[in-house]
Amino acid sequence: MDYGKFKYEAAQKEKEARRNQANTILKEVRFRLKIEAHDYTTKLKRAEGFLKAGDKVKAMILFRGREQSRPEQGVRLLRKFAEDVAEFGTVESNPTIDGRNMVMVVAPLKSKSEAKQEQNAVRDAQRADKKQAARDAKSESAATPAE
């Protein structure tokens with residue numbers, strides 16, 4: 001066996017392992033207690049994107065002034081958030097009060113490495129489609145005679 005070929009294949013395996021390496025990151029989504037519907041959906045979509053990518057999401061509600069005397073409203077908002085993202089993740093830690101903040105952590109259903117492999121597969125399929133389309137266009141232009 002050729003040593004150069006062996007080193008090349010080992011380097012390719014190492015490169016592929018690095019590409020599929022997964023670091024789960026804790027992303028944060030902050031709410032206020034009095035959040036409008038549109039703002040809530042925007043934050044919800046952002047959190048869904050994080051969960052699809054395989055990252056954990058830390059949902060945080062910031063309390064100000066008299067809002068601190070109504071933690072049950074914060075729990076209600078976080079429960080609603082948990083129900084809305086249930087198809088992408090599960091609640092890892094229930095709502096807890098931390099000073100002026102209420103925090104809940106949602107873990108993704110798919111692991112980071114699975115999400116990354118799926119993303120790589122989609123990207124590779126798109127590249128293959130583009131290459132095939134370019135080949136088809138090139139063969140069509142070569143087949144038609146120039147006038």
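# A guided set of close-up views

Figure 1. Helices (H or I, at least four residues) and strands (E, at least two) are DSSP runs, numbered from the N terminus. Followed along the sequence, the elements come in the order α-β-α-β-α-β-β-α. What you see is a predicted model, in which local features need pLDDT of at least 70 and side-chain atom pairs count only at pLDDT 80 or more, while totals for chains, interfaces and linings use all residues. Residues are numbered from 1 along each chain as its sequence is written, and side-chain values use heavy atoms, with hydrogens and water left out.

**Figure 2. The overall dimensions of the protein come next.** The C-alpha trace spans about 80 × 55 × 25 Å along its principal axes. The radius of gyration is 24 Å, whereas a compact globule of 147 residues would have one near 15 Å. This radius is taken over C-alpha atoms, and the globule rule is 2.2 Å times the number of residues to the power 0.38. Of the 147 residues, 24% are buried. Here, buried means under 20% relative accessible area, exposed means over 50%, and partly exposed lies in between (1.4 Å probe, protein chains only). The protein exposes about 10800 Å², with carbon and sulfur atoms supplying 49% of that area. Accessible areas come from the Shrake-Rupley method with a 1.4 Å probe; for residues, only the protein chains shown count as cover. Contacts (heavy atoms within 4.5 Å) can also be sorted by sequence distance: among those between residues at least 6 apart, 67% join residues at least 24 apart.

**Figure 3. Met1, Tyr3 and Phe6 form a nonpolar patch on the surface.** Together these residues have about 440 Å² of accessible area. Patches are made of residues with over 30% relative accessible area and no salt bridge; like charges are joined within 9 Å, and nonpolar side chains (Val, Leu, Ile, Met, Phe, Trp, Tyr) within 5 Å. Met1 sits in the segment before helix H1 (3-19). Its relative accessibility is 80%, so Met1 counts as exposed.

**Figure 4. Phe31 and Phe81 form an edge-to-face aromatic pair.** Rings of Phe, Tyr and Trp (its six-membered ring) pair if their centres lie within 6.5 Å; planes under 30 degrees apart count as stacked, over 60 as edge-to-face and the rest as tilted. By this rule there are three aromatic pairs. In the pair shown, the centres of Phe31 and Phe81 are 5.3 Å apart, with 70° between the planes. Phe31 belongs to strand E1 (residues 26-32) and Phe81 to helix H3 (residues 71-84), so the pair ties together parts that are 50 residues apart in sequence. With Tyr40, Phe31 and Phe81 make up one aromatic cluster.

**Figure 5. Glu28 and Lys58 meet in a salt bridge.** Side chains of opposite charge can pair when their charged atoms come close. The rule used here asks for a side-chain nitrogen of Lys or Arg within 4 Å of a carboxyl oxygen of Asp or Glu, and the count comes to four salt bridges. The closest N and O atoms of Glu28 and Lys58 are 3.9 Å apart. Glu28 lies in strand E1 and Lys58 in strand E2 (residues 56-62), so the pair ties together parts 30 residues apart in sequence. Glu28 is partly exposed, with a relative accessible area of 35%, and Lys58 is partly exposed at 22%.

**Figure 6. Arg32 and Glu67 are joined by a salt bridge of 3.1 Å, N to O.** This pair links distant parts of the chain: Arg32 is in strand E1 and Glu67 in the loop between E2 and H3, 35 residues apart. Arg32 is partly exposed, with 28% relative accessible area, whereas Glu67 is buried at 9%.

**Figure 7. Lys56 and Glu92 form a salt bridge, with their closest N and O atoms 3.2 Å apart.** Lys56 is in strand E2 and Glu92 in strand E3 (residues 89-98), so distant parts of the chain, 36 residues apart, are linked. Lys56 counts as partly exposed at 26%, and Glu92 is partly exposed at 45%. Salt bridges that share partners also join Glu28, Arg30 and Lys58 into one network.
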